[in-house]
Amino acid sequence: MFQPDGPTFWELLDQSLCNLEDGYDKLAPKFDATPFRTPDVILEAVSNHLGGEQSVDSTLDMCCGTGAAMYWNRRLARHRNVGLDGSQGMLDQAAKHCANAPGIAPNECVKGDALAPPFHEEFDLVTCFGAFGHFLPREEKELVAGVKQCLKPGGRFAYVTHPEISKFDVKALPYRLFNAAMLVRNAVIDPPFVMYYLGFTTETSTALLEAEGFTVDVQTGILPAPFSRLHMVVATKGDAQ
Ligand SMILES: C[S@@+](CC[C@H](N)C(=O)[O-])C[C@H]1O[C@@H](n2cnc3c(N)ncnc32)[C@H](O)[C@@H]1O
């Protein structure tokens, strides 16, 4: 799971006791060697599905981290390839990682909050990967509204998630145990570190997007093994053309 150049147990423990921003600032140099970074096989499959080289003017990756998806988005963009994240440490890594990514659009790494993004109808494509666990269920509506605010009319929001998981599915047990440990951690330690698995499912996210007027397309069977059970969702702002 963790590569040899990844963080030690003590570094992870130290990071988990911080708030989100400080935690990611500390983890940033070693983040790519953790299982929390979205694998390139997922990002490549999504990127190929979304279009060809320079097929859109502008792309935004929300919660871009070290630039995993920004790297692939650059291939798609003609004029702007933006990553938004709350951690400057992660953004610094993203700038390095994407400097030589295939494509022509200038990269912009912007520090900001995904729940209050500093963009207004500027992007043809918004993506978000591996970050939904950082939003509480009550914040998901705000997150979707933020994405809508960033997109041009007819723009697309693409992400990967999973269908609702039964309470009795043993495969989800490690995630439920992690969530329980996080609840305890956040009850006794301030500042909180919000990271809960199994949220923003296909069903809940689709309902939120449709309520905001998106047309939602759920694709199954797009992602390679061992990720083939995951869904790729592409939601178009307003009616799909
Ligand atoms: C698990 S990492 C995922 C990074 C990258 N998207 C990937 O898939 O590899 C989550 C990232 O979300 C960022 N993040 C969490 N909450 C955020 C918020 N409200 N606004 C902006 N960034 C946020 C963190 O700083 C971190 O870089």
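P106 is exposed, because 11 other C-beta atoms lie within 10 Å; a residue counts as exposed at 12 or fewer such atoms, buried at 20 or more and partly exposed in between, with C-beta atoms placed from the backbone. The model is predicted: local features need pLDDT of at least 70, side-chain atom pairs count only at pLDDT 80 or more, and totals for chains, interfaces and linings use all residues. Residues are numbered from 1 along each chain as its sequence is written.

P106 sits in the loop between α5 (88–98) and β3 (107–111). Helices (H or I, at least four residues) and strands (E, at least two) are DSSP runs, numbered from the N terminus. Beyond its neighbours within four places in sequence, P106 is in contact with R80 and N81, contact meaning C-beta atoms, placed from the backbone, within 7 Å. R80 is 26 residues away along the chain, yet its C-alpha atom is 5.6 Å from that of P106.

The chain is assigned domain 1 (37–162 + 199–237) and domain 2 (168–197), with bounds from an automatic or database domain assignment. Their C-alpha centres are 25 Å apart. Four residues from domain 1 and four residues from domain 2 make up the contact.

The axes of two helices, α1 and α2, come within 8 Å and cross at roughly 155°. This makes α1 roughly antiparallel to α2, a term for angles over 145 degrees.

| Helix | Range | Residues in the contact |
|---|---|---|
| α1 | residues 9–16 | D14, Q15 and S16 |
| α2 | residues 20–27 | G23, K26 and L27 |

How values were computed
Two residues are in contact if their C-beta atoms, placed from the backbone, lie within 7 Å. Axes are lines fitted to C-alpha atoms, for helices over the stretch in contact, and angles run from 0 to 180 degrees between N-to-C directions. Angles under 35 degrees count as roughly parallel, over 145 as roughly antiparallel, 65 to 115 as roughly perpendicular and the rest as oblique.
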